Amino acid sequence: MERITAWLHEKNPGLEGPVDKDEDLIEARLIDSMDFVEFVELLEDISGVGIDLQEVTIDDFRTLGRVEQRFLTPSGTAAAAATAG
């Protein structure tokens, strides 16, 4: 999660302190449409699994807690790999 948090701080220089796991990243404008593809690529790099955008919803990216559950846990990455390949 450190790489994701560092990326969020890099994209949002005015952001101070930690990002709460339940903070809505989209509503808070920490991730916008211009950064979304880069964010997906970051998650793919961290998890080692490709993300098929046809198999996910925007809610999968809404909070750090959901991102961790969906893409960075063994059960989540296994589900992503099964749907992608």
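Which residues in α3 are buried? I started my notebook with that, keeping in mind that this is a predicted model.

**Entry 1: helix α3.** I looked up burial along the helix and found L64, V67, R70 and F71 buried. Viewed down the axis of α3, the buried residues fall within an arc of 135°, so they line one face of the helix.

**Entry 2: F61.** Next I went to F61, which sits in the loop between α2 (33–47) and α3 (64–71). Is F61 buried or exposed? I found a relative accessibility of 2%, and because buried means under 20%, F61 counts as buried.

I then listed what F61 touches, leaving aside residues up to four places away in sequence. My list holds L25, F36, F39, V40, L43, I51, L53, V56, V67 and F71. Two names there, V67 and F71, were already in my notes as buried residues of α3. I also checked V40: it lies 21 residues from F61 along the chain, and 8.8 Å separates their C-alpha atoms.

**Entry 3: α1 against α2.** How do I describe two packed helices? I use the angle between their axes and the distance between the axes. For α1 (residues 2–11) and α2, I noted an angle of about 160° and axes 11 Å apart. Angles over 145 degrees count as roughly antiparallel, and α1 and α2 are therefore roughly antiparallel to each other. I wrote down their crossing as right-handed.

Which residues meet here? From α1 I have R3, I4, W7 and K11, and from α2 I have D35, E38, F39, L42, L43, D45 and I46. I sorted the residues of this contact into 6 nonpolar, no polar and 5 charged.

Terms used. Residues are numbered from 1 along each chain as its sequence is written. This is a predicted model: local features need pLDDT of at least 70, side-chain atom pairs count only at pLDDT 80 or more; totals for chains, interfaces and linings use all residues. Side-chain values use heavy atoms; hydrogens and water are left out. Helices (H or I, at least four residues) and strands (E, at least two) are DSSP runs, numbered from the N terminus. Buried means under 20% relative accessible area, exposed over 50%, partly exposed in between (1.4 Å probe, protein chains only). Contact means heavy atoms within 4.5 Å. The arc is that of the directions from the helix axis to the C-beta atoms. Axes are lines fitted to C-alpha atoms, for helices over the stretch in contact, and angles run from 0 to 180 degrees between N-to-C directions. Angles under 35 degrees count as roughly parallel, over 145 as roughly antiparallel, 65 to 115 as roughly perpendicular and the rest as oblique. A crossing is left-handed if the near helix is turned anticlockwise from the far one by less than a right angle, and right-handed if clockwise. Ala, Val, Leu, Ile, Met, Phe, Trp, Tyr, Cys and Pro count as nonpolar, Asp, Glu, Lys and Arg as charged, and the others, Gly among them, as polar.
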